Amino acid sequence: MENDARVAINSAADIVIARQKGRALATELGFDGSDLTLIATAISEVARNIVTHAKSGQVIIAPLKNGSIYGISIVALDEGPGIRDINRAMQYGYSTGKGLGVGLPGAKWLMDEFEIESKVGNGTKVTMKKWLK
């Protein structure tokens, strides 16, 4: 099994690479069907936020194991402007840009675990996990 994959995110093309690497690792771990689409979509959402708001960052995709249960971890990191109001940013439909406001809340809905840390002026870290059922 592969170790973690780190994808630098600087453009829309990098979002595609992160999706592909996430989907490949998820397949290797045993995910299939709609779970593969959910994982790839969640990666797209957090990576797109990096490009839109921070301009650059990285996505780290890694296998997880908790006892006999396997999963996948996706961490999106940037050193962008940070999020002033995380609660508001997590409201479906809220957007600071031209988007639909479904990125972060949508990613949270698609995954089993979701955590966001952000400090204004110091960037954002989003950690998501999906467990194989």
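This is a predicted model: local features need pLDDT of at least 70, side-chain atom pairs count only at pLDDT 80 or more; totals for chains, interfaces and linings use all residues.
Just after the helix, Lys 55 adopts a positive phi of about 75°.

The buried residues of helix 2 are Leu 36, Ile 39, Ala 40, Ala 42, Ile 43, Ser 44, Val 46, Ala 47, Ile 50 and Ala 54. Their cover includes strand 1 (5-9), helix 1 (12-29), strand 2 (57-66), strand 3 (69-78), helix 4 (103-110) and strand 5. Helix 2 lies across strand 1, strand 2, strand 3 and strand 5, and runs at about 15° to strand 3.

The five strands form an open sheet in the order 1-2-3-5-4, with antiparallel pairing. Strand 1 and strand 4 are the edge strands, each pairing on one side only. On average, neighbouring strands of the sheet are turned by 15° against each other, direction ignored. Helix 1 also packs on this sheet, where it touches strand 1, strand 2 and strand 3; the direction of helix 1 makes about 165° with that of strand 1.

Strand 2 and strand 3 run antiparallel and are joined by 10 bridges. Val 59 stands opposite Ala 76 in strand 3. Strand 4 (residues 113-119) and strand 5 (residues 123-131) pair in the antiparallel sense over seven bridges, with Val 126 in strand 5 as the bridge partner of Ile 116. Strand 4 and strand 5 form a hairpin with three residues between them. In the turn, Gly 121 has a positive phi of about 85°.

Technical notes:
Residues are numbered from 1 along each chain as its sequence is written. Side-chain values use heavy atoms; hydrogens and water are left out. Two strands pair if DSSP finds at least two bridges between them. Helices (H or I, at least four residues) and strands (E, at least two) are DSSP runs, numbered from the N terminus. Buried means under 20% relative accessible area, exposed over 50%, partly exposed in between (1.4 Å probe, protein chains only). Contact means heavy atoms within 4.5 Å. Axes are lines fitted to C-alpha atoms, for helices over the stretch in contact, and angles run from 0 to 180 degrees between N-to-C directions.
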